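Work through these exercises with the structure open beside you. Try each task before you read its solution.

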Amino acid sequence: MPSQFIELWSSFINIVDAPLFRLGRETISLRWLFQVVLLLILVAVLARFFKGVLKNQLLPRLGLDLGNREAISTVVSGASGALGYIIVLQAVGINLDSLAVIIGGLGVGIGFGLQDVTRNLISGLTLLIERKVRVGDFVEIENISGYVQEVSMRATVIQTFNGSNVVVPNTYLADSPVLNWYYQTHRGRIDIPIGVAYGTDPVLVTEVLLNIAHSEPDVLKEPAPRVIFREFGDSALKFELWVWTDAIERRVFIKSSLNFKIDYYFRQHNISIPFPQRDIWIRNAGALFPTADEPEQTVGMPLAPATPSLKSLLQQVSYFQCMNDLQLRFLIEAGYRKHLRAQEILFRAQEPINNFYIVLQGQMAAVYEESGELKPMLTFKAGEHFGELPLMLGVACPTTMMAMTETVLFVLPREGFEQLLKEHPSLADDIAVAIARRQDVLAQHQQELQQLSHQEAEQSRPIHWIRDRLQKLLSW
């Protein structure tokens, strides 16, 4: 057996070392080819590693922005890689002078076959040198919009808003108009067209639109918002609201917020937004529609009762009854509705929670296990809330929460909860009073209260600590 293995190994060595052809003074074999390919791959890996070190560690110390770092690291790593390839070829015995005639003969064919690759390389080098498009810029190219993630020698990677990465050839960037919102500043203008009914006071429309623009946090005061009376349309007076922002990449969300406010405040001021209407005259209407003597026959399943809207359910909670439609919209966008079946567990004791919960319908209970049975300890009816204390303390809930009946909850994540308290400080006092009524739950958190407040919490009046904790939360 060892002798057969030695013979097989000798045969393999002979095949690997067998000369295939000669290149100048160098004899080419499989072993030689393997060594050359391995060295070239090693050079490519080292050049890529050097680019990462240069871009992420060395150049940031010089205070260069991301676009400059990308351009410098790409050019330097490309040059070092090309130099490495030349050194490898020289080291393995290839005389590049002897290849000059061959390369010259193949130059025409390579030029025609790889002209697109060559154009992309030249375009990439131009982009890196001129820096018209840099890493981190927000650009639009026809129907593609997003942030430039990488500018390489052949292609540019753009990350779109839906999270996908689009690889765009550099020749496309060089030959097509590119809208670069970050070329000099991040500032841009947002135009919102709006039509109002004939007979509406244009001055009132201008006043309402300007008030809306000034109420939006992302809209700049300078340049000031403008209202443009565009024309007398077929069925409406056509206006445009112009606003400027330094966060142009958020223009979709800014425009959405402004449209919500326009709809709300136009209804408050009885400003109607018309739509085209046509009158249709029907001959022989009696043949098309049944008369009173011929009652319609309804066929089909009865309609199911409509599910109450989240807006109507939130308006039944005492904390939110004074909120207008815009404030309720924030809640609806920040949270979501969750349905639980009877006896369904929301979360168990000692599980971390990151949400604030409000009971909209049904009943929840804080339960504990005894002899394998879940026994209610504290109940929460419609309009009551829970989860705020573990959320503020950053600890797990000490009890298991279970739905006693079919229950609908409004779930508000941590970020939305903190924003709600900042915008409605009076709500913090209401929550503090409600928490103070739950002496049993507060007693289980007494140790956490003392550690976080760095003082003795009053067992009989914990409401002072709660209010202090909420004030700290509002100041973050």
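**Exercise 1.** Decide whether Ala 432 is buried or exposed in this predicted model.

*Solution.* Start with the location: Ala 432 is found in helix H14, residues 425–436. Next, take its relative accessible area, which is 0%. Buried means under 20%. Therefore Ala 432 is buried. Now look across to Leu 389. Ala 432 and Leu 389 are 43 residues apart in sequence. In space, their C-alpha atoms are 9.6 Å apart.

**Exercise 2.** Classify the aromatic pair of Phe 229 and Phe 232, then classify each residue by its accessibility.

*Solution.* A pair of aromatic rings is described by the distance of the centres and the angle of the planes. The structure holds 10 aromatic pairs. In the pair of Phe 229 and Phe 232, the centres are 5.2 Å apart and the planes make an angle of 50°. Stacked needs under 30 degrees, and edge-to-face needs over 60. The pair is therefore tilted. Now the accessibility. Phe 229 has a relative accessible area of 35%, so it is partly exposed. Phe 232 reaches 62%, so it counts as exposed.

**Exercise 3.** Check the length of helix H8, then find what its buried residues pack against.

*Solution.* Helix H8 covers residues 251–268, which is 18 residues. At 1.5 Å a residue, H8 should span 26 Å. Its end C-alpha atoms are 25 Å apart, which agrees. Next, list the buried residues of H8: Ile 254, Ser 257, Leu 258, Lys 261, Ile 262, Tyr 264 and Phe 266. An α-helix has 3.6 residues a turn, so residues three or four places apart point the same way. The buried residues of H8 pack against strands E8 (188–196) and E10 (237–245), and against helices H7 (202–215) and H11 (325–334). After H8 comes Asn 270, with a positive phi near 55°.

**Exercise 4.** Find which ring Arg 189 lies over.

*Solution.* Arg 189 lies over the face of Trp 242. The distance from the ring centre is 3.7 Å.

Conventions
Residues are numbered from 1 along each chain as its sequence is written. This is a predicted model: local features need pLDDT of at least 70, side-chain atom pairs count only at pLDDT 80 or more; totals for chains, interfaces and linings use all residues. Side-chain values use heavy atoms; hydrogens and water are left out. Rings of Phe, Tyr and Trp (its six-membered ring) pair if their centres lie within 6.5 Å; planes under 30 degrees apart count as stacked, over 60 as edge-to-face and the rest as tilted. Buried means under 20% relative accessible area, exposed over 50%, partly exposed in between (1.4 Å probe, protein chains only). A charge sits over a ring if NZ of Lys or CZ of Arg is within 6 Å of the ring centre and within 35 degrees of the ring normal. Helices (H or I, at least four residues) and strands (E, at least two) are DSSP runs, numbered from the N terminus. The expected span of a helix is 1.5 Å times one less than its number of residues. Contact means heavy atoms within 4.5 Å.
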